2 protein chains.
Amino acid sequence: MSKEQEIKTPLGALGESGIHQRIRGLAIEPRAETVLGQGDDAAVVRPKTNQEVVITKDLMVEGVHFDLMYSPLQHLGYKAVVSNVSDIVAMGAEPAHLVLGLGLPPKFTVEALDAFLEGLRQACKTYGMDLIGGDTVSTLRDFFISITAVGYVEPEQKIAQSGASKNDLVCVTGNLGAAYAGFLMLDRERRIYLENPDVQPDLSDHAYVLERQLKPEARMDMWQELRKKGIQPTAMTDISDGLSKSCFTLGKASGLGVRIDLERIPIHPGTLKVAEELQLDPYHLALHGGEEYELLFTIPASSYNKIQALEDITVIGFMEEDPAAFRLIDSSGKVFPLEELGWDGFRKDE
Amino acid sequence: MSKEQEIKTPLGALGESGIHQRIRGLAIEPRAETVLGQGDDAAVVRPKTNQEVVITKDLMVEGVHFDLMYSPLQHLGYKAVVSNVSDIVAMGAEPAHLVLGLGLPPKFTVEALDAFLEGLRQACKTYGMDLIGGDTVSTLRDFFISITAVGYVEPEQKIAQSGASKNDLVCVTGNLGAAYAGFLMLDRERRIYLENPDVQPDLSDHAYVLERQLKPEARMDMWQELRKKGIQPTAMTDISDGLSKSCFTLGKASGLGVRIDLERIPIHPGTLKVAEELQLDPYHLALHGGEEYELLFTIPASSYNKIQALEDITVIGFMEEDPAAFRLIDSSGKVFPLEELGWDGFRKDE
């Protein structure tokens with residue numbers, strides 16, 4: 001069979017039960033908590049004594065959250081898991097199970113499904129999760145992904161968004177703005193391609209930001225590191241909606257304001273390079289770009305020394321008593337209001 | 001404000017946070033197990049000691065699973081919950097929580113969202129569930145619903161599909177074919193309307209089958225009744241894919257065959273009437289129509305007297321030793337093979 005043929009097997013050839021078989025056939029090790037996995041009317045899991053169960057759901061829609069023109073399906077499968085893992089980890093919980101919902105349009109092929117599932121399988125392996133069930137349906141036009149993730153947490157280790165206190169330090173993991181920088185690069189190439197399909201895209205200079213956009217990781221490593229060092233954040237969220245929105249999220253939930261020291265915001269050289277090429281303010285990318293899957297959290301000021309010792313965590317500000325005070329301070333000491341900008345799929349005018 | 005204006009508020013006027021507020025504002029009583037509901041990165045629930053957690057997900061896509069032309073949105077909201085509750089109950093578990101995923105296209109209005117949510121709220125009330133979280137996104141074209149339901153079960157009361165034994169009696173709740181009959185009536189009216197929009201549909205003779213299609217109920221009452229009488233089914237599934245498919249599901253999971261006594265299959269007079277009008281075999285509707293949300297279950301033959309005393313449960317056959325034997329027997333004693341027919345969204349040729 002030629003490669004041309006290989007990439008064109010329509011999903012109808014499998015039918016619904018064939019698709020289910022393909023999903024059930026993924027070699028994903030079941031977890032100890034899984035009593036009944038895929039195949040029954042519902043899945044059954046059994047938390048350890050005293051554990052609470054953490055549940056989140058993320059939807060991703062073709063043409064809105066991703067473009068199949070530049071999102072390889074394997075990466076997309078990986079990323080769909082990561083965005084859920086990030087929410088579980090942001091509660092201080094351990095990710096454990098996935099429930100997979102897929103809406104597949106007629107244009108989808110068996111090969112495309114397999115690539116997507118391979119990414120999902122890899123992500124399950126990376127984060128120690130299993131796949132316990134789901135639903136797969138046909139759609140008229142668009143591909144969408146609906147993943148529900150389940151995790152476990154001991155009650156005393158749970159981290160809500162609402163637990164920050166006045167003067168708590170505000171910390172971030174990793175660096176910010178890179179995923180958005182990656183999106184901007186892909187979008188530029190897409191437009192060039194649409195204008196002239198003969199131009200070969202050259203993205204080799206932007207490998208870091210592209211990886212952050214296309215195949216990000218959730219910061220389970222940071223959550224594990226914090227636990228190891230005995231640091232219990234007072235409040236936490238992931239930065240999937242961008243830093244500015246996430247600051248408002250933590251502040252509002254905790255009834256406090258937030259002050260961010262602009263110069264402390266960690267930005268990767270790859271992101272700076274994109275900002276320079278596109279003549280954008282790198283701080284704009286770092287403040288308002290989304291899909292970061294980094295963690296934003298608060299700790300008591302007394303934990304400053306402990307946090308300093310950890311790589312890849314940066315203190316960028318502190319919680320203010322005034323619940324209306326969301327501010328940025330620059331290197332000269334000048335104070336600006338922090339704007340709550342971010343992407344709103346329901347308001348876009350394009 | 002005139003009615004004309006009232007029904008035309010675009011969703012963009014609310015934006016994402018406005019939509020979230022609307023969903024959070026639904027007056028749904030939180031359950032005792034809910035530690036952290038809507039609003040954080042993820043929801044947190046706490047099962048009672050020794051309880052297992054049951055999780056299911058159902059997707060419904062506009063144009064595939066429903067047509068907004070004849071599905072009132074309030075009913076659709078109700079039904080979306082019911083289809084999940086049915087899966088939870090089919091495990092012998094108590095439905096408890098919902099996680100709501102919505103993909104909303106630009107044409108969707110605030111009023112349409114409110115109608116949908118009102119149906120969802122009513123279903124939560126009927127089945128004693130709360131809404132603990134979710135995700136709402138915009139789509140380019142189609143409306144879709146992705147609901148995850150969570151329930152609880154004591155391990156010894158859990159009912160898998162795989163537990164049936166040879167000679168166990170096969171039972172169904174309620175009557176079969178009505179939901180499909182309702183669909184056929186709606187579809188006929190839709191076609192008449194498309195041909196001639198001036199013809200007023202007259203569906204008044206078909207109230208029962210329409211209700212079964214548009215606003216079905218899950219058989220939580222039957223599950224409660226079985227518990228009350230101390231009857232523990234050996235295997236159970238819901239009949240959402242139709243009786244024939246569900247017989248194969250239970251049989252294959254249990255490594256057995258199934259024999260169904262055709263004449264015992266309960267069919268409502270309203271369904272018989274539709275079959276007559278459309279000149280269809282009513283047994284075809286009852287065997288292969290889907291979306292029933294009735295329960296198909298097996299019990300040991302020794303429980304026959306107990307089951308006989310229960311209203312709305314009918315013994316329709318028994319489990320056969322031969323795992324390849326799926327058969328129907330008619331009133332004359334003639335035996336036919338049971339065909340595994342049912343709807344497959346990936347194979348339709350329309």
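# A chat about two chains

Student: How many residues of chain A are in contact with chain B in this thing?

Tutor: This is a predicted model, and in the model 57 residues of chain A are in contact with 57 residues of chain B.

Student: Which element gives the largest share of the chain A side?

Tutor: Strand S3 of chain A, residues 52-61, with 9 residues.

Student: And what kinds of residues make up that side of chain A?

Tutor: The side of chain A that touches chain B has 27 nonpolar, 15 polar and 15 charged residues.

Student: Which strands pair across the two chains?

Tutor: Strand S2 of chain A (residues 43-45) pairs with strand S3 of chain B (residues 52-61). The pairing is antiparallel, with 3 bridges. At one position, A:Val45 is set opposite B:Val53.

Student: Before I go on, what confidence does the predictor give the complex?

Tutor: An ipTM of 0.93 and a pTM of 0.93. For chain A, the mean pLDDT is 92, and 96% of the residues reach 70 or more.

Student: Where in chain A does pLDDT stay under 50?

Tutor: Over residues 1-5. The model has 1 contact beyond four places in sequence for that stretch.

Student: Back to strands. What does S3 of chain A pair with inside its own chain?

Tutor: S3(A) is joined to S6(A) by 10 bridges, and the two run antiparallel. One bridge pair is A:Val53 with A:Tyr152.

Student: What about S4 of chain A, how does it pair with S6(A)?

Tutor: Strand S4 of chain A (residues 94-104) and S6(A) are antiparallel too, with 9 bridges. There, A:Leu100 has A:Ile147 as its bridge partner.

Student: And where do side chains point in a strand?

Tutor: In a regular strand they alternate between the two faces of the sheet.

Student: Which residues touch the most other members of the largest nonpolar core?

Tutor: A:Val81 and B:Val81, in a core of 205 residues. Leaving out residues up to four places away in sequence, A:Val81 touches A:Leu98, A:Leu120, A:Ala123, A:Cys124, A:Tyr127 and A:Ile147.

Student: Changing topic: how is chain A divided into domains?

Tutor: Domain 1 covers 3-157 and domain 2 covers 169-337. Their C-alpha centres are 26 Å apart.

Student: Now chain B. Is B:Gly103 buried or exposed?

Tutor: B:Gly103 is buried, because 29 other C-beta atoms lie within 10 Å and 20 or more is enough to count as buried. The residue is in strand S4 of chain B, residues 94-104.

Student: What does B:Gly103 touch?

Tutor: Residues from chain A and chain B: A:Leu59, A:Val61, A:Phe144, B:Val137, B:Thr139, B:Phe143 and B:Phe144, not counting residues up to four places away in sequence. Also, the C-alpha atoms of B:Gly103 and B:Ile145 are 6.4 Å apart, although the two are 42 residues apart along the chain.

Student: And B:Glu321, buried or exposed?

Tutor: Exposed, because B:Glu321 has 11 other C-beta atoms within 10 Å, and 12 or fewer counts as exposed. B:Glu321 is in the loop between strands S11 (313-320) and S12 (326-329) of chain B.

Student: What does B:Glu321 touch?

Tutor: B:Lys166 and B:Leu256, not counting residues up to four places away in sequence. Its C-alpha atom is 8.3 Å from that of B:Gly255, 66 residues away along the chain.

Methods:
Residues numbered from 1 in each chain as written. Chains lettered and ligands numbered in written order. Predicted model: local features only at pLDDT ≥ 70, side-chain atom pairs only at ≥ 80, totals over all residues. Contact = placed C-beta atoms within 7 Å. Helix = DSSP H or I, 4+ residues; strand = E, 2+ residues; numbered from the N terminus. Nonpolar A, V, L, I, M, F, W, Y, C, P; charged D, E, K, R; others polar. Pairing = 2+ DSSP bridges. Domains from an automatic or database assignment. Core = buried A, V, L, I, M, F, W, Y, C linked by C-beta atoms within 7 Å. pLDDT = per-residue confidence, 0-100.
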